[in-house]
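Please read the following report alongside the sequence and the coordinates.

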Amino acid sequence: MLSSRSHGFAEIEGLFGAFTVSEKLFQKIWHRGDFAGKNLCTVSGKPVECVRVGRWNFAEGPDFVGAVLRIDGDVVQGDVELHFYAEDWEAHGHAGDPAFDNVVLHVILFPPRAFRPARTRAGRVPETLVLLPFLNEDLESYAEREALLDLESREKSVWRELLLPVSESVRLCLVREKSDLRRRQKFAFAKQRLDAYGWGGACHRAMLETLGLRRNRAPMAALAEAFPPNEFRRRTPTEHFESRLGQWRLAGVRPANRPLLRLQQYDALLEKKPDWAELLKTWGGNLCAGVDCDDAGEFRKSVRLPAALKDLSAGVLAGAIGGTRLNTLVVDAFLPLLAAGGFISEECFAGFWRHWPAGDIPGNLAETLRPLLPARGNKTATMSNGLFQGVFQLSCEYGH
């Protein structure tokens with residue numbers, strides 16, 4: 001992964017093109033603990049445990065103050081400073097700044113080519129932790145999730161400016177091209193997950209993270225890491241929830257999306273269908289490729305999609321999860337994992353992923369998109385996952 005930088009940002013050359021990571025996003029990742037808590041290790045080889053990541057400091061000085069860490073078995077209290085690169089410590093003048101005398105851990109995102117340790121004004125050398133290898137997902141996914149959160153507050157005019165200047169035929173081709181790119185991204189990430197955790201572990205992680213969606217994905221991911229599938233039910237949903245107190249984001253979360261409720265839904269699923277991940281394979285094997293067309297309604301009829309959705313909801317998930325969150329699970333987790341695992345064909349994956357109903361998308365986006373979508377006769381095109389994903393990718397690329 002290649003990167004270049006400017007003040008406050010790093011441009012990353014990812015698998016599917018360049019994307020931007022901000023310092024603020026890096027700080028959010030640390031603040032949420034959205035990284036593997038186990039097996040953290042400094043550049044010098046010392047194990048690190050984050051007892052408390054510290055208080056996010058929005059004033060001058062270190063990024064996080066009052067952190068409590070266990071480094072090489074010793075409890076250490078102090079401040080934490082985050083940078084993209086090891087040399088940023090010197091470049092930002094921290095070596096001679098007394099505000100940074102209490103830094104006990106220098107967290108950098110990218111591995112150094114030629115490592116130079118941070119050094120305080122008094123000559124003390126805090127340990128350095130490279131966080132990139134310990135992230136719960138690839139940087140592109142973090143950046144995309146932040147962009148999706150930003151969609152919820154955008155004005156309708158933004159989308160009109162993005163899509164209206166081109167003709168309907170060009171618009172449709174452009175959206176489909178970007179949708180296909182995102183489908184390949186989902187497949188690549190699912191393949192990485194399967195390689196790392198196997199089928200059961202990948203399904204378990206994908207389920208919890210999707211139930212957490214954007215606002216509470218990080219603590220859900222932490223629970224998935226701490227409690228693999230065969231250990232998760234040893235605790236009650238309430239115990240899991242309380243173990244992450246202070247990490248959940250509850251403000252602005254609709255009642256149906258409250259993390260305790262989502263944990264209760266997953267617990268109900270595991271009680272009724274402990275083998276749900278294996279049942280998912282069978283469900284995927286029963287999907288047919290369907291007709292290759294641009295009309296979602298026509299495709300859905302050809303594959304009897306309502307029946308497939310019913311079989312999934314009742315036969316695999318025991319009715320524990322429904323509504324838009326179920327659709328999000330299908331497009332973000334189930335279909336990519338089934339394709340990456342070889343349980344459905346590439347053609348089947350492409351058709352179902354493109355034409356499946358859109359899941360949890362910002363209401364303002366859905367309302368704004370409909371008049372911009374291609375019409376067939378007097379009928380506006382059916383809102384589908386592919387249309388949403390294509391527009392979202394366009395938004396990410398054009399920086400709106």
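Which exposed residues does the face of α9 turned away from its buried side carry? That face carries T282 and G285, where exposed means over 50% relative accessible area, buried under 20% and partly exposed in between, with a 1.4 Å probe and protein chains only.

## Basis of the model

This is a predicted model, in which local features need pLDDT of at least 70 and side-chain atom pairs count only at pLDDT 80 or more, while totals for chains, interfaces and linings use all residues. Residues are numbered from 1 along each chain as its sequence is written, and side-chain values use heavy atoms, with hydrogens and water left out.

## Confidence

The protein chain has an average pLDDT (the predictor's confidence in each residue, from 0 to 100) of 84, and 81% of the residues score at least 70. Confidence is highest in α9, at a mean of 97, and lowest in strand β1 (residues 2-6), at 43; helices (H or I, at least four residues) and strands (E, at least two) are DSSP runs, numbered from the N terminus.

Over residues 1-7 the pLDDT stays under 50, and the model has 19 contacts (heavy atoms within 4.5 Å) for them beyond four places in sequence. Residues 13-18 also stay under 50, with 16 such contacts.

## Helix α9

In helix α9 (residues 276-285), the buried residues are W276, A277, L280, W283 and G284. They lie on the same side of α9 because they cover an arc of only 100° around the axis, the arc being that of the directions from the helix axis to the C-beta atoms.

## Residue R354

R354 belongs to helix α13 (residues 346-355) and counts as buried because its relative accessibility is 12%. Leaving aside residues up to four places away in sequence, R354 touches R176, D292, C293, D294, S384, N385 and G386.
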